[in-house]
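Please look at the charged side chains in this model before reading on. My notes on them follow.

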Amino acid sequence: MQSRGLANLTTEELQYLEKLISTEFAKECEYAKTFDTKNGWHSNVKGQRLLRIINAIRDQQKSVKIKAEKW
């Protein structure tokens, strides 16, 4: 099930959103790695949340592409 908000975005907007989220994901992964090294434990909840968002955006991009080819 997709959100109406995501369904209304263009391909370019989805690519831009994916780029922004990917940058945040890279920062979070680096922070988690540093925190784990310093403290010996980590929680990657935020990283997993960002990864789910990236996957949702990619799925929406695939959906838009399939719909464009079909019609």
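**Charged pairs**

1. At 15% relative accessibility, Glu-18 counts as buried (buried is under 20% relative accessible area, exposed over 50% and partly exposed in between, with a 1.4 Å probe and protein chains only). The model is predicted: local features need pLDDT of at least 70, side-chain atom pairs count only at pLDDT 80 or more, and totals for chains, interfaces and linings use all residues. Residues are numbered from 1 along each chain as its sequence is written, and side-chain values use heavy atoms, with hydrogens and water left out.

2. Glu-18 forms a salt bridge with Arg-58, at 2.6 Å from N to O (a salt bridge is a side-chain nitrogen of Lys or Arg within 4 Å of a carboxyl oxygen of Asp or Glu). Glu-18 is in helix H2 (residues 11-39) and Arg-58 in helix H3 (residues 45-70), so the pair ties together parts that are 40 residues apart in sequence. Helices are DSSP runs (H or I, at least four residues), numbered from the N terminus. Arg-58 is partly exposed, at 37% relative accessibility.

3. The structure holds two salt bridges. Glu-24 and Lys-27 also form one, with the closest N and O atoms 3.6 Å apart. Both residues lie in helix H2, three residues apart, about one turn of the helix. Glu-24 is partly exposed, with a relative accessible area of 36%.

4. Glu-28 is in helix H2. This residue is buried yet has no salt bridge. What is the nearest side chain of opposite charge to Glu-28? Lys-46, 4.0 Å away (Lys and Arg count as positive, Asp and Glu as negative; His and the chain ends are not counted).

Key: Helix = DSSP H or I, 4+ residues; strand = E, 2+ residues; numbered from the N terminus.
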